[in-house]
Amino acid sequence: MNTPPSPPGAQRTDGSAVRIGALVPLTRPGWTEAGQHLLAGLELGVREVNDAGGIGGRPLELVVRDTAADPEKAAAAVDELAGLGVAALAGEYHSVVARAAASRADALGLPFLCSSAVLDALTDRPTDRVARLAPAQTHGWRIYADFLLGAGHRRTAVATQPSVYWASGTRILRDHLAPRGGTVVELDTGALTPEAVCDALVDSGATALLLLVGHPDPAVPVVTAVRRDQRLAEILIGAPAGQPEFTSWAALLGDDGAAIPFLRYLPERLGPLGARVEAALRERLGEAPSFVAFEGYDTVAVLAEVLRSHGTDRSRIAASWPCVAIEGTRGKIRFSRTPGISVWQWAWTPVQVVDRDPAEPERFRILHSG
């Protein structure tokens, strides 16, 4: 159920429903396509919970707020949702936004199950109130770095934008590649035009260019420029953050968007639950669901199990993360304390490096698994 935004200061009036607050990027500059997939998974999960009798006979209700990739807007939404009496908070795709939401939720004592954000430091200090389904950035991006090394890429360039998330990604790649004989060269897309990126790429001697930038701009212009530059015909373009997962990538780039490896958090083969959910998500979305849609569904599945077993008291929900053991769409979900991670973490969801097949861009090829 997608509840419309409530007016400022609105109070909870219906005591029958168990309410979950959902943070989702639904308008620009947020990645709206990812937000739509995340919301589809959340809504499907809620519908199935209610079809099965809800939470002890009470309906589960999703109270949705659009973050628009704005940390301040997300923090304000957390305040509002806490005031509306939600039992827990779910969702968010953008790491920097999720970090703001997690910090605010922690301060308010509101349990938050983060669906998709990967930034390692989701909170400044260790907390029992926040748990996460997506793999930490360090885990996934090291797997991507191993893929680069296995493919023979020792000198890698990264096209970057200013962001805590992109800076973290650059550091992870450099720290993992350097001891193994790899190097990383940074190219600032704020200071370089796409054509100038091509020139710098030629001068760098890199054999791979990773897009650590936003989509569609400047990612799409950079890809187009590199594909058109005959000097760079042999270079690998990569996008570890997953931009090519979504159909808008293929729509904007066509054949140029194929053969660009990215990280995807799915198993090689879905089990019976995953296959059933995939079919339902495909019907709801009108297209193949991304891994983000599965993350949304699994978020509700976890919260529903916690609410059934531990009730709606926020402190009891927050204390329940280590007790979770449920079958999700992509494997058994359990949370643990992981070194270097400040929140309860599922360690780990399956991780793949995949790309779109140049011969059939709607088909994904699995290149490496971690």
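**Exercise 1. Determine how α9 and α10 are oriented relative to each other.**

Solution. The model is predicted; local features require pLDDT of at least 70, side-chain atom pairs count only at pLDDT 80 or more, and totals for chains, interfaces and linings use all residues. Residues are numbered from 1 along each chain as its sequence is written, and side-chain values use heavy atoms, with hydrogens and water left out.

Step 1. Identify the elements: helices are DSSP runs of H or I with at least four residues, strands are runs of E with at least two, and both are numbered from the N terminus. Helix α9 spans residues 272-285 and helix α10 spans residues 291-310.

Step 2. Take the geometry: the two helices pack at an angle of about 110 degrees, and their axes lie 11 Å apart. Axes are lines fitted to C-alpha atoms, for helices over the stretch in contact, and angles run from 0 to 180 degrees between N-to-C directions.

Step 3. Classify the angle: under 35 degrees counts as roughly parallel, over 145 as roughly antiparallel, 65 to 115 as roughly perpendicular, and the rest as oblique. α9 and α10 are therefore roughly perpendicular to each other.

Step 4. Assign the hand: the crossing of α9 and α10 is right-handed, where right-handed means that the near helix is turned clockwise from the far one by less than a right angle, and left-handed that it is turned anticlockwise.

Step 5. List the contacts, defined as heavy atoms within 4.5 Å. From α9, Leu273, Gly274, Arg276, Val277, Glu278, Leu281 and Leu285 meet Ala293, Phe294 and Tyr297 of α10. The contact residues comprise seven nonpolar, one polar and two charged; Ala, Val, Leu, Ile, Met, Phe, Trp, Tyr, Cys and Pro count as nonpolar, Asp, Glu, Lys and Arg as charged, and the others, Gly among them, as polar.

**Exercise 2. Describe the crossing of α4 and α5.**

Solution. Step 1. Helix α4 (residues 137-150) packs against helix α5 (residues 164-177) at an angle of about 50 degrees, with 9 Å between the axes. The two helices are therefore oblique to each other.

Step 1. This crossing is right-handed. Residues of α4 at the contact include Trp141, Ala145 and Leu149, and those of α5 include Trp166, Ile172 and Leu173. The contact of α4 with α5 divides into eight nonpolar, five polar and two charged residues.

**Exercise 3. Work out the order and pairing of the three-stranded sheet.**

Solution. Step 1. Two strands pair if DSSP finds at least two bridges between them. The open sheet has the order β10-β15-β16, with antiparallel pairing.

Step 1. β10 (262-264) and β16 (360-369) are the edges; each has a single partner strand, so one side of each lacks a neighbour in the sheet. On average, neighbouring strands of this sheet are turned by 45 degrees against each other, direction ignored.

Step 2. Three bridges join β10 to β15, and Arg264 has Gln352 as its bridge partner in β15. Strand β15 (residues 352-357) pairs with β16 over six bridges, and Arg356 is partnered by Phe364 in β16. A hairpin of two residues links β15 to β16.

Step 3. Six of the six residues of β15 are buried, so this strand is largely enclosed by the rest of the structure.

**Exercise 4. Locate α10 on the seven-stranded sheet.**

Solution. Step 1. The open sheet runs in the order β2-β1-β3-β4-β5-β14-β13, with mixed pairing. Its edge strands, β2 (60-66) and β13 (335-336), each pair on one side only.

Step 1. Strand β1 (residues 18-24) runs parallel to β2, joined by seven bridges. Ala22 stands opposite Val64 in β2.

Step 2. α10 packs on this sheet and touches β1, β2, β3 (88-91), β4 (112-114) and β13. The direction of α10 makes about 165 degrees with that of β3.

Terms used. Buried means under 20% relative accessible area, exposed over 50%, partly exposed in between (1.4 Å probe, protein chains only).
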